[in-house]
Structures are given as structure tokens and as C-alpha cells.
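Please find below my note on the model under review. The points are numbered so that each may be taken up separately.

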Amino acid sequence: MSATTSQDSWLGRTLELEVGAVAHGGHCVSRVDGRVVFVRHALPGELVLAEVTEDRQRGFCRADAVRVLRASPHRVEPVCPLAAPGLCGGCDWQHAEPQAQRELKAQVIVEQLRRLAGLERSVEVEALPGGPLGWRSRVRLVADEEGRAGLRAHRSHRVIPLAGCPISVPEAMEEALSVRWRPGSELEVTGDGAGRTHLRELTTVRGKGKSRQVKGGVAVQHAAGRDWRIAAHGFWQVHPAAADALATVVGRWAAASQGARVWDLYSGVGLFAAVLAEQVGTAGGVLAVESSAQAVRDGRANLADLPQVRWQAGRVDQVLRQVDERPEVVVLDPPRKGAGNAVVEAIARGRPERVVYVACDPAALARDLATFAGHGYHLAGLRAFDAFPMTHHVECVALLSPAK
């Protein structure tokens, strides 16, 4: 292909590409005429024909592999016919074997740690029980112009109506997909640990948002040796096995002493606070900080038998400005964007003996690890879990210790 000027748009053009390494975000990297092409529906080492789907006149563009000329040995037929170019954007890796998906995610974590934190570390992404299908217990759908529930196409507002979703808990989707909704409505679907479905419709009428609980509302979950009754559409791990798996690792690495003071930041309803409270006992204390008022209410109700848990509702960075204690252990599970400099610095000022960081985005984790390193903390342990099979998302747990 001949060189192009910066004014030439490649949108709609079909390119023959040698597919390179996986990149963060559910695509692989290729290069043509000095430009980076992010290719979805491809695997490293493949030769594909790819149609350019987005070109904003920068040094890169985005494309979908529409024909595979030389397939990877790890390629499989997607389970869902909508996991294809131009269709549903809910999955990224249905065309790869499950083990290959985990290896791709591990490569992404390794690359993010190297690039953003200057760390060289091998990573294994561990499978959770249950297999790659039927795990997604929480789904947010949207109704198209005809009122049919579906998911959006990748990087688009276009709605792809669904007849089913193989990665979702089957019974949780039936009601949402069987009726017509107000066009543009968003539907929150949750399947809980008791096998019940919860369904809420969110609409905007005359510029005002409204919600209607169609079914259920209070979910029952089981994790960390406890039963939880929580708001069905609040935060809880999407994979049914994830909460227990993460709580086990957090408890093992936190290893808080009897009588110790510890922090659980971005605590949600208190999953990790419950584990920490058992470790420190009634002579110790757990500071649980959470910005969601509903999660704090649920947490207080569910952990009423653990008076050593002290709840603070508010933004973590703001709450920590008013806290004057040195914690033995800090656990944090920030949102996808990460904790950020202010929170990392506040934790480092407390000089905890151990920091256990739960992360749903490897890039955000790597950035925060770099900030921790600037305050004298090094990465002492790392585990990763495939809590979102068929997608590019991955859950990590990192253990940080102060450098000697």
C-alpha cells in the first residue's frame, strides 16, 4: 500500500494485515505505512483482511478483522453469532480458546506493568470455577427504537437486539428479553446467589431520570462465609465465584493481627471488611470507607454483628484527610480508573505494613503501583483471575510491602 498523507482517511478501507501482539482493550496491534491499527476479532500471528471502522486522522485507526486468511491455532468458532464484526460489543475474545484468552490477558498485565510501572514480572491468569459461559450475573441492557432489549455495538450507540446471551446467567435474562420496553430505556438485570432475578428499568422523561423496579430489589449473596442481603443493583462481583476467590486472597495477604487497626477503602457493602474484622477481633478496628450511601446502609446492616467495623460514608480521598491513625493493613478496591495519587499518598503516609490492592484494570493498577513505588512500597505478590471470560477484563490482587 502506498504512503498516505495525514489528510487521507482510511475509514471503510480494507487492509491486509499481519496481526501483532495483544493490546489492552480487547484488540491486537498491527502497523501499516507507519500507522498503528488496533484490530478486533483477530489473534496474534494471524493474517487477516480488516475493515477500518474508525479513523480520527491521528497516528492510529481501528479495524475489524472481517476475513481470516491465516488462522491462529487458538482460534475457535464463537459461541454467539453476534460476537462478530459490527455486531454486539459485549465480548472481545469469543474467537479464542479459553486458555488462550487467559494467556492474552496475562500478556496485557505484563505489558502494562512494564510500560507504566517499570516492573518485570511473569503473570498467570487463573480460571474461576464454572467455565467460560453462563457466569455473567449482572447485565445492563438498552432498548432499541422498537423496544427490544439488547447491547450496544462496540464503540457505538447502536443497539444490537438479543435473543439470549451465552455468557450471562440464562434465567436472569429471560424476562428482560421477552417483552418490549420504552425505546431508549436502560435495563439493569441481576441474578443473585439464591437463583432469583432482579430487574430495574431506567428511563429519562422530559430530561429527568426515573427508575422502576420491575422485579425483586433485594439480592441474596453468599461469600466469605456469610449471607448478604444487599441492593440488587448496587456493587457486587459479576462472576458468581469472584467474591469468594478475592476474599480468600485478601484475607491471606492481609493477615491482620488481633487488636490491629486496618482500613478497607472503597469498601462497597463490606465484603473485605468482614474478613478483616474476623482477623482483628473485637479489640481491633476496621475503618470501612465507601462513597455510596446505599452500600454503607447495606454494609452496616449486614455487619451489625461486627461492632469493630467503623463506617465512613464519603469519597476516599476526602475521608482520609481527616483520619489520624496508623493502620497495620490497608485493603483497597478502587473503581476502574484506579485510586490516584491523592489516595496512594494518603495510604503511604499511614505507613501500613501491608497494602492489598484489588484492581479491575491492569493499566490503573500499574499507574498506582508506580506511585506507591515513589513512596517506598514494592510489589511483593500478584495474582490475577479470569473473572470476566470472553471479555478483555481481568481482576488482579496485588500485595505491596514497604521496601526494607
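Which residue of E17 does Asp264 stand opposite? Point 2 gives the reply.

1. Basis of the note. This is a predicted model, in which local features need pLDDT of at least 70, side-chain atom pairs count only at pLDDT 80 or more, and totals for chains, interfaces and linings use all residues. Residues are numbered from 1 along each chain as its sequence is written, and side-chain values use heavy atoms, with hydrogens and water left out.

2. Asp264 stands opposite Ala288 in E17. Helices (H or I, at least four residues) and strands (E, at least two) are DSSP runs, numbered from the N terminus, and two strands pair if DSSP finds at least two bridges between them. E16 (residues 261-265) pairs with E17 (residues 285-290) in the parallel sense over five bridges. With strand E19 (residues 329-332), E16 forms a parallel pairing over four bridges; here Val262 stands opposite Val329. Four of the five residues of E16 are buried (under 20% relative accessible area, with exposed over 50% and partly exposed in between; 1.4 Å probe, protein chains only).

3. Lys105. This residue is found in helix H1 (residues 98-117). Why does Lys105 count as buried? Its relative accessibility is 2%. A polar atom of the Lys105 side chain lies 2.9 Å from the backbone oxygen of Thr391. Not counting residues up to four places away in sequence, Lys105 touches residues including Asp386, Phe388, His392 and His393 (contact means heavy atoms within 4.5 Å).

4. The six-stranded sheet. The strands of this open, mixed sheet run in the order E1-E5-E6-E4-E3-E2. E1 (14-18) and E2 (22-23) stand at the edges with a single partner strand each, so one side of each is left without a neighbour in the sheet. Within the sheet, E3 (residues 27-32) and E4 (residues 35-40) pair in the antiparallel sense over five bridges, and Val32 stands opposite Arg35.

5. Helix H2 (residues 170-178). Ala172, Met173 and Ala176 are buried. Seen down the axis of H2, the buried residues fall within an arc of 85°, so they line one face of the helix; the arc is that of the directions from the helix axis to the C-beta atoms. Pro170, Glu174 and Ser178, on the other side of H2, are exposed. Among the elements that cover the buried residues of H2 are strands E8 (138-143) and E11 (186-191).

Note on methods: A polar contact is a pair of N or O atoms within 3.5 Å; within protein, one must be able to donate a hydrogen and the other to accept it, and residues adjacent in sequence count only if both atoms are side-chain atoms.
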